[in-house]
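This report covers the salt bridges, the core and the backbone of one model.

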Amino acid sequence: MSLKELRLKLKADNEIYREYKSYIEDLLRNENVKMMNRYRHHYFTTCLDHCLNVSFYSYMICRYVGLDYVSAARGGLLHDLFLYDWRTTKLSGGKHAFRHPDIALENAVKVFDLNEIEKDIISKHMWPLTIKPPKYNESFIVCFVDKYCASVEIGQGIIANIKY
(Lines give C-alpha, C1' and ligand atoms only; values in the text may rest on other atoms or scores of the structure.)
Protein backbone atom coordinates (compact mmCIF):
# COMPACT_ATOMS: atom_id res chain seq x y z
CA MET A 1 0.00 0.00 0.00
CA SER A 2 1.41 3.38 -0.98
CA LEU A 3 1.61 6.33 1.40
CA LYS A 4 -1.10 8.08 -0.60
CA GLU A 5 -3.40 5.04 -0.38
CA LEU A 6 -2.80 4.80 3.36
CA ARG A 7 -3.67 8.49 3.80
CA LEU A 8 -6.84 8.02 1.75
CA LYS A 9 -7.81 5.00 3.85
CA LEU A 10 -7.26 6.96 7.06
CA LYS A 11 -9.22 9.93 5.72
CA ALA A 12 -12.47 8.05 5.49
CA ASP A 13 -13.49 8.02 9.14
CA ASN A 14 -10.49 8.56 11.32
CA GLU A 15 -10.67 11.08 14.15
CA ILE A 16 -6.88 11.45 14.25
CA TYR A 17 -6.76 12.32 10.56
CA ARG A 18 -9.54 14.91 11.01
CA GLU A 19 -7.61 16.43 13.91
CA TYR A 20 -4.42 16.48 11.81
CA LYS A 21 -6.22 18.18 8.94
CA SER A 22 -7.60 20.87 11.28
CA TYR A 23 -4.01 21.91 12.06
CA ILE A 24 -2.99 22.35 8.42
CA GLU A 25 -6.19 23.38 6.61
CA ASP A 26 -5.28 27.09 6.68
CA LEU A 27 -1.98 26.22 4.99
CA LEU A 28 -3.73 24.11 2.36
CA ARG A 29 -5.95 27.06 1.39
CA ASN A 30 -2.91 29.21 0.59
CA GLU A 31 -2.14 29.72 -3.12
CA ASN A 32 1.61 29.19 -2.63
CA VAL A 33 1.02 25.85 -0.95
CA LYS A 34 -1.45 24.86 -3.69
CA MET A 35 1.25 25.73 -6.25
CA MET A 36 3.40 22.88 -4.92
CA ASN A 37 0.99 20.53 -6.71
CA ARG A 38 2.31 21.86 -10.07
CA TYR A 39 5.80 20.48 -9.53
CA ARG A 40 6.82 16.86 -9.81
CA HIS A 41 9.16 16.00 -6.96
CA HIS A 42 10.02 12.28 -6.79
CA TYR A 43 8.98 10.43 -9.95
CA PHE A 44 5.17 10.49 -9.85
CA THR A 45 4.83 12.29 -6.52
CA THR A 46 4.16 16.02 -6.60
CA CYS A 47 5.89 18.35 -4.19
CA LEU A 48 2.58 18.86 -2.36
CA ASP A 49 1.91 15.13 -2.02
CA HIS A 50 5.45 14.58 -0.75
CA CYS A 51 5.03 17.36 1.81
CA LEU A 52 1.66 15.95 2.90
CA ASN A 53 3.30 12.54 3.38
CA VAL A 54 6.10 14.04 5.47
CA SER A 55 3.68 16.21 7.41
CA PHE A 56 1.25 13.44 8.28
CA TYR A 57 3.79 10.81 9.34
CA SER A 58 5.79 13.37 11.33
CA TYR A 59 2.56 14.43 13.03
CA MET A 60 1.76 10.81 13.93
CA ILE A 61 5.22 10.08 15.34
CA CYS A 62 5.41 13.32 17.33
CA ARG A 63 1.89 12.77 18.66
CA TYR A 64 2.79 9.24 19.75
CA VAL A 65 5.98 10.28 21.58
CA GLY A 66 4.54 13.43 23.17
CA LEU A 67 6.27 16.14 21.14
CA ASP A 68 4.85 19.24 19.45
CA TYR A 69 2.90 17.41 16.75
CA VAL A 70 1.17 20.57 15.50
CA SER A 71 4.52 22.20 14.66
CA ALA A 72 5.70 18.93 13.08
CA ALA A 73 2.59 18.81 10.88
CA ARG A 74 2.85 22.44 9.83
CA GLY A 75 6.63 22.52 9.38
CA GLY A 76 6.50 19.22 7.53
CA LEU A 77 3.93 20.59 5.11
CA LEU A 78 6.01 23.70 4.39
CA HIS A 79 9.48 22.09 4.33
CA ASP A 80 9.71 22.06 0.51
CA LEU A 81 7.89 25.31 -0.28
CA PHE A 82 10.52 26.27 -2.88
CA LEU A 83 8.06 26.70 -5.82
CA TYR A 84 10.16 25.80 -8.86
CA ASP A 85 11.09 22.70 -10.85
CA TRP A 86 14.39 21.71 -9.31
CA ARG A 87 15.30 19.63 -12.37
CA THR A 88 15.37 22.64 -14.70
CA THR A 89 15.95 25.70 -12.49
CA LYS A 90 19.54 26.81 -12.01
CA LEU A 91 20.07 28.58 -8.69
CA SER A 92 22.67 31.21 -7.99
CA GLY A 93 24.67 30.49 -4.89
CA GLY A 94 24.60 26.71 -4.97
CA LYS A 95 22.74 23.57 -5.87
CA HIS A 96 19.09 22.89 -5.10
CA ALA A 97 19.80 20.27 -2.41
CA PHE A 98 21.77 22.79 -0.37
CA ARG A 99 19.77 25.96 -1.11
CA HIS A 100 16.11 24.92 -1.11
CA PRO A 101 15.64 24.77 2.69
CA ASP A 102 16.49 28.49 2.92
CA ILE A 103 14.30 29.30 -0.10
CA ALA A 104 11.40 27.34 1.41
CA LEU A 105 11.80 29.17 4.72
CA GLU A 106 11.91 32.57 2.96
CA ASN A 107 8.71 31.69 1.08
CA ALA A 108 6.97 30.39 4.20
CA VAL A 109 7.73 33.36 6.47
CA LYS A 110 6.41 35.76 3.82
CA VAL A 111 2.90 34.37 4.22
CA PHE A 112 2.71 32.53 7.57
CA ASP A 113 3.54 33.30 11.18
CA LEU A 114 5.87 30.46 12.09
CA ASN A 115 7.14 29.46 15.50
CA GLU A 116 10.80 28.58 16.12
CA ILE A 117 10.24 24.83 15.79
CA GLU A 118 8.50 25.23 12.41
CA LYS A 119 11.31 27.47 11.15
CA ASP A 120 13.93 24.97 12.31
CA ILE A 121 12.06 22.10 10.65
CA ILE A 122 12.04 23.90 7.31
CA SER A 123 15.61 25.17 7.42
CA LYS A 124 17.22 21.98 8.74
CA HIS A 125 15.30 19.20 6.96
CA MET A 126 18.23 18.42 4.63
CA TRP A 127 20.65 17.60 7.44
CA PRO A 128 23.20 15.94 7.34
CA LEU A 129 23.68 17.11 3.74
CA THR A 130 23.52 20.66 5.05
CA ILE A 131 25.88 21.42 7.88
CA LYS A 132 23.79 22.73 10.80
CA PRO A 133 21.91 19.96 12.65
CA PRO A 134 18.30 20.35 13.76
CA LYS A 135 17.81 22.10 17.09
CA TYR A 136 14.55 20.40 18.15
CA ASN A 137 13.44 16.79 18.40
CA GLU A 138 10.54 17.58 16.08
CA SER A 139 13.03 18.79 13.47
CA PHE A 140 14.99 15.53 13.69
CA ILE A 141 11.79 13.55 13.22
CA VAL A 142 10.71 15.56 10.17
CA CYS A 143 14.24 15.29 8.77
CA PHE A 144 14.22 11.49 8.96
CA VAL A 145 10.59 11.12 7.88
CA ASP A 146 11.46 13.26 4.84
CA LYS A 147 14.21 10.83 3.88
CA TYR A 148 11.95 7.84 4.46
CA CYS A 149 9.12 9.29 2.35
CA ALA A 150 11.51 10.32 -0.43
CA SER A 151 12.97 6.79 -0.45
CA VAL A 152 9.52 5.20 -0.73
CA GLU A 153 8.41 7.64 -3.43
CA ILE A 154 11.59 7.14 -5.45
CA GLY A 155 11.38 3.36 -4.98
CA GLN A 156 7.79 3.35 -6.25
CA GLY A 157 8.89 5.33 -9.30
CA ILE A 158 11.78 2.99 -10.05
CA ILE A 159 9.61 -0.10 -9.68
CA ALA A 160 6.91 1.41 -11.89
CA ASN A 161 9.52 2.02 -14.62
CA ILE A 162 10.94 -1.50 -14.62
CA LYS A 163 10.24 -3.27 -17.90
CA TYR A 164 9.49 -6.96 -17.30
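Lys-124 is buried, with a relative accessible area of 14%, and Asp-120 is buried as well, at 6%. Buried means under 20% relative accessible area, exposed over 50%, and partly exposed in between, with a 1.4 Å probe and protein chains only. Lys-124 forms a salt bridge with Asp-120, their closest N and O atoms being 2.6 Å apart. A salt bridge here is a side-chain nitrogen of Lys or Arg within 4 Å of a carboxyl oxygen of Asp or Glu. Both residues lie in helix 7, 4 residues apart, about one turn of the helix. Helices (H or I, at least four residues) and strands (E, at least two) are DSSP runs, numbered from the N terminus.

This is a predicted model, in which local features need pLDDT of at least 70 and side-chain atom pairs count only at pLDDT 80 or more, while totals for chains, interfaces and linings use all residues. Residues are numbered from 1 along each chain as its sequence is written, and side-chain values use heavy atoms, with hydrogens and water left out.

A search of the whole structure finds 6 salt bridges; the table includes three of them.

| Salt bridge | Closest N and O atoms |
|---|---|
| Lys-124 and Asp-120 | 2.6 Å |
| Lys-34 and Glu-31 | 3.3 Å |
| Glu-118 and Arg-74 | 3.5 Å |

Glu-118 lies in helix 7 and Arg-74 in helix 5, so this pair ties together parts that are 44 residues apart in sequence. Glu-118 counts as buried at 4% relative accessibility, and Arg-74 is buried at 13%. Lys-34 and Glu-31 are 3 residues apart in helix 3 (residues 31-35), about one helical turn. Lys-34 is partly exposed, at 41%, and Glu-31 is exposed, at 54%.

The largest nonpolar core has 35 residues, and Tyr-20 and Leu-78 have the most contacts inside it. Such a core is a set of buried Ala, Val, Leu, Ile, Met, Phe, Trp, Tyr and Cys residues joined through side-chain atoms within 4.5 Å. Helix 4 gives the most to this core, with 9 residues. Leaving aside neighbours within four places in sequence, Tyr-20 is in contact (heavy atoms within 4.5 Å) with Leu-52, Ser-55, Phe-56, Tyr-59 and Ala-73.

Helix 4 is mostly covered, with 14 of its 19 residues buried. Just after helix 4, Gly-66 takes a positive phi of about 80°. A cis peptide bond, with omega about 10°, joins Trp-127 and Pro-128. Pro-128 sits in the loop between helix 7 (116-124) and helix 8 (137-161).
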